[in-house]
Amino acid sequence: MACIEVSGKPWTRKHDNPAVPLFASVPVTAFPNSLECLIELCASHAPADRLKAAGSHWALSEAAISDRTFVETHDPTNTTQAMGRTLDEVVPGCLDAAFYEALKRRRPAPYDREHKDENTGLYPVHFETGKRVFQLYSELDLLGDTSDPFKGEDLPVATLARQLAGDGNPSYLGPWAIPTLGGAGGQTVFGALTTGTHGGDIHMGPIADAVMAMHLVTDGGRHYWIEPSTLTSLGAPLTDDNALVALYGQDRFRGNQPRGVDNFEVVRDDTAFNALLVGAGRFGIAYSVVIGTVRQYTLPEERRLTNWEYVKSMVNDPTSSLYTKRFLQIAVCPTPHANFTKHLAGVTKRWNVPLAPKAGSASVPAGRDERRGPVVNRFDPLIQAPRFALAGNSHPYSPDPAHPGAALPPSFLEQACMNANFLVGVLQEVAKEVEDFISSNGAVIGGTIAGVVAAGGGAALLALLPVLEILLLVLLAFIAALAAAAPSNPRLGQTMNDLKDSLLNRPDPAQRAAGLFIWQLIVFKLFSSQQDDHDYEAISYAVMDGHDYLDQSCDVNGDSIEVFFDATDPMLIAFVDALLVFELGQETVGKAMGGYISLRFTGPTRALIGMQQHPHTCAVEVAGLKDVTGTQELIDFAVTLALDPNFNAVLHWGQRNPSNQAQVEHRFGDTVTSPTGNLHAWRSALSQLTDNGRLDGFSSAFTRHAGLEVVEPLAGSLTMAGGSPSSQPILVSWDCRDNPPATTVALDVTAPSGAHHGFASLPLAGQRWVATTGTGTYQAQLTAAIDFNGEQRTATTSATLTVS
Amino acid sequence: MTEVFYGEWAVAVVSHERAYDQRFTITGSDASDGVYLVSTTGSDPPPVNVFGAQWTLTIEWDSPASGWLESDVRRTPTYTAQDGLVINLGADVSFEGDYDELVLSCRSLDPPLNPRRPVVNPYDFTVNPNTIEKYKRQHQKQRVKK
């Protein structure tokens with residue numbers, strides 16, 4: 001079954017400039033829709049035709065960029081069938097008997113108004129890797145949803161629950177949920193987890209740590225079912241080897257092998273599993289994944305607006321009052337206030353509570369109607385799954401504080417993100433305050449000015465009043481132009497940049513000062529409105545997935561990095577302070593960051609090169625709109641700091657990540673002088689699944705730059721024969737084919753007399769005749785070498801032959 | 001504890017106890033390797049600029065009973081508009097936990113880490129304290145009314 005392949009299609013990412021695709025035309029785009037097609041794709045490609053899989057194109061890193069063939073597991077244009085099925089052949093079809101029995105003995109508590117435990121129960125779900133996060137959480141939540149006529153009972157996701165119910169345990173027939181989520185649900189689940197994407201749950205690892213098994217197709221078309229060797233929390237392996245081989249060893253999956261069983265292998269190995277979890281696409285294409293889900297849950301969210309200077313002293317102390325709940329996020333405003341001495345910060349916490357119903361209902365959870373909605377198509381062939389009305393098709397959940405459990409219509413900001421006009425309201429309020437300030441000769445201030453200024457002499461600001469009047473006219477003219485613009489006006493970033501330029505890019509120093517004052521007022525107002533105090537509770541995904549899927553303006557042409565620190569490392573605080581100082585400096589010379597800095601906290605990951613390497617890891621996201629000059633500059637500076645060995649931070653694999661091999665080795669180990677550490681284990685797993693790098697079809701510019709490659713050669717086999725009688729030459733044979741294609745091979749043969757015969761630049765496998773010069777022992781030494789990114793590693797082997 | 005640094009830094013003595021001699025040793029630098037004595041009586045060593053891809057700094061104190069012993073060191077990094085990236089090293093002896101027996105200031109001289117240092121902010125956005133008080137009073141009244 002061949003995959004659909006097309007040539008010359010553009011390829012771009014969600015956050016790239018929509019007007020200019022990243023690549024106007026790529027050689028091949030392939031759309032796999034089944035395991036057979038994926039195996040054939042990997043088995044039949046030419047050696048120079050390298051491949052790389054992408055999910056829904058949400059990543060900002062170059063990890064999904066292929067050298068030639070771009071494999072789409074979920075077509076971002078939504079016009080070709082995604083690899084989006086939920087599967088039930090393995091779960092429950094191939095479950096280990098002891099695992100199933102253990103599941104059957106458990107009675108996970110229901111999702112109701114009494115129970116509130118965190119991560120209750122275990123329900124494994126198996127699905128193809130093109131399924132998006134919002135689709136999975138919606139399918140899981142449909143199980144047992146009596147309010148929906150469909151109820152999801154005949155969905156593949158429910159097969160295991162039905163079987164358990166048939167065996168006398170109906171407690172699994174209820175809604176389930178992903179244990180943790182990032183801030184958005186548009187990524188494919190596998191794309192999110194394999195780049196280390198995480199939430200802010202301080203005791204939990206990233207999404208990758210919920211994975212129980214992966215099904216990988218490698219270069220050459222071989223496929224592997226990969227599980228940890230460590231048993232599951234139920235004390236048994238997830239699956240049964242024989243059942244897996246019976247299923248996936250069928251001849252339709254044989255690839256280039258004579259039989260299906262020759263092309264499939266079950267791997268139970270912690271190292272291979274932990275390597276593949278965050279694998280940067282280097283191992284191959286994951287066809288499917290099993291994740292352990294938990295009983296659906298409700299989260300309250302509490303947010304308090306404070307300032308960075310107040311909370312930062314608590315960040316390094318995991319026993320501080322910041323860390324009292326399940327989830328912690330600190331959003332920091334880059335622009336200062338209080339006469340340049342403080343920065344606004346929104347501190348958000350979440351925890352588990354019993355089901356919080358929507359208004360007027362006793363059992364339907366708040367947020368479900370707004371964020372998932374009903375099933376509108378029981379089977380949509382494009383996504384190979386039921387289509388929900390609002391999953392991936394709605395504004396974030398906006399609770400109504402006056403009516404608990406009820407939602408507000410889309411907020412001012414969300415509505416406004418459909419175009420840039422939302423700024424008008426904010427600018428008008430700021431303009432009014434400035435006007436009052438001027439007309440009162442500095443005696444009357446409003447809330448925004450009160451936030452931006454500090455108590456002091458006041459003479460300098462009073463002296464600016466005449467210039468403020470000029471800048472106020474500029475602002476009013478800008479507002480008028482903005483209000484009059486058509487709905488198709490520029491992106492929010494472009495509007496923000498125009499505004500910034502009109503305020504900050506002024507030759508006259510006094511006007512620059514006045515412009516900066518107004519700019520600070522605007523940013524203060526905007527940030528305060530977005531991060532103001534709030535409290536609400538709703539179903540898990542309505543709280544965690546805060547992405548606005550209807551946004552046409554705010555979330556395009558963006559750039560972001562995420563920088564990971566040990567949360568107890570004081571360099572973390574210095575890093576954030578450095579960004580704030582940089583922003584202060586650039587705002588005085590006409591530039592500004594059009595974005596935010598956000599700190600989230602997680603537990604450790606089992607993924608070998610996952611970014612969450614500490615008991616308490618802090619992820620600092622620096623994100624903004626590239627249209628605003630100053631955003632790119634601040635993010636570039638953040639990258640410089642993060643990669644500097646004095647800071648020694650780790651960058652997110654799914655966001656901008658220019659880490660080179662030396663920098664990756666500095667953080668994860670496996671240098672030339674010390675071939676140990678997590679990266680060494682990761683590369684060993686890659687070696688195991690790619691014949692030590694011989695199969696390099698999933699190598700890419702990104703993996704080569706970062707050193708996510710096999711760098712340690714194997715010397716292979718070396719034999720000597722002949723030399724009898726002693727006048728006959730010796731035949732030296734070697735085979736180093738299980739190495740990356742660029743590996744160099746050299747041979748040195750030493751005669752009993754000490755004379756050397758040296759051969760350099762040899763093919764990876766071959767034979768050489770060496771003349772004998774007398775009796776005695778001849779020694780051959782074979783050296784395989786890999787020169788990669790300025791590092792050389794060698795391996796040698798030797799053989800001897802005695803000629804008599 | 002040996003502290004590892006990368007790149008260009010200016011190392012200076014900020015303060016020290018005078019009860020015993022102390023010293024810091026730099027190794028692995030391009031041209032500043034050596035032992036820098038901070039004695040009880042003499043003057044402090046002058047600030048030294050240290051260059052090198054990777055170099056180390058160790059602080060020791062002269063124990064009357066045991067001779068030179070390595071001090072416990074706490075790193076306190078800061079990043080300010082005035083000084084850019086600075087890592088203060090506070091040395092502790094006898095597990096007192098105050099880390100003030102010897103304090104060294106290590107200021108980064110790498111331009112990429114300190115692209116605008118010092119950041120000069122020429123502006124003063126202050127208002128008369130009475131104006132702020134007046135705002136607060138009015139604001140309070142409005143909140144009470146609500």
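Tutor: Two strands are said to pair if DSSP finds at least two bridges between them. The model under discussion is predicted. With that criterion in hand, consider strand 19 (residues 454-455) of chain A, which two bridges join to strand 11 of chain B, the two running parallel. In one of these pairings, Ala455(A) has Val127(B), in strand 11 of chain B, as its bridge partner. Strands of a sheet pair through backbone hydrogen bonds, either parallel or antiparallel.

This pairing belongs to a wider contact region. There, 35 residues of chain A are in contact with 28 residues of chain B. On the chain B side, at least two residues each come from strand 8 (72-80), strand 11 (126-127) and helix 1 (129-145). Strand 8 of chain B gives the most to that side, with six residues. Sorted by class, the side of chain B that touches chain A holds 16 nonpolar, nine polar and three charged residues.

The account now turns to chain A as a whole. Chain A contains 22 helices and 31 strands. Its radius of gyration is 30 Å, close to the 28 Å that the globule rule gives for 804 residues, so chain A is as compact as a globular protein of that length. Along the principal axes, the C-alpha atoms of chain A fill a box of roughly 110 × 70 × 50 Å. Of the 804 residues of chain A, 54% count as buried. Among contacts in chain A with a separation of 6 or more, 73% are between residues 24 or more positions apart.

Within chain A, one sheet deserves attention for its pairing pattern. Eight strands of chain A form an open sheet in the order 20-14-16-15-22-23-21-24, with antiparallel pairing. Strand 20 (534-539) and strand 24 (650-651) of chain A stand at the edges with a single partner strand each, so one side of each has no neighbour in the sheet. Strand 14 (residues 298-307) and strand 16 (residues 344-350) of chain A run antiparallel and are joined by seven bridges. Here Glu301(A) has Arg350(A), in strand 16 of chain A, as its bridge partner. Helix 8 (residues 308-315) of chain A lies across strand 14, strand 15 (327-332) and strand 16 of chain A. The helix runs at about 120 degrees to strand 14 of chain A.

Key. Residues numbered from 1 in each chain as written. Chains lettered and ligands numbered in written order. Predicted model: local features only at pLDDT ≥ 70, side-chain atom pairs only at ≥ 80, totals over all residues. Helix = DSSP H or I, 4+ residues; strand = E, 2+ residues; numbered from the N terminus. Rg over C-alpha atoms; globule rule 2.2 N^0.38 Å. Buried ≥ 20, exposed ≤ 12 C-beta atoms within 10 Å, placed from the backbone. Contact = placed C-beta atoms within 7 Å. Nonpolar A, V, L, I, M, F, W, Y, C, P; charged D, E, K, R; others polar. Axes fitted to C-alpha atoms, helices over the stretch in contact; angles between N-to-C directions.
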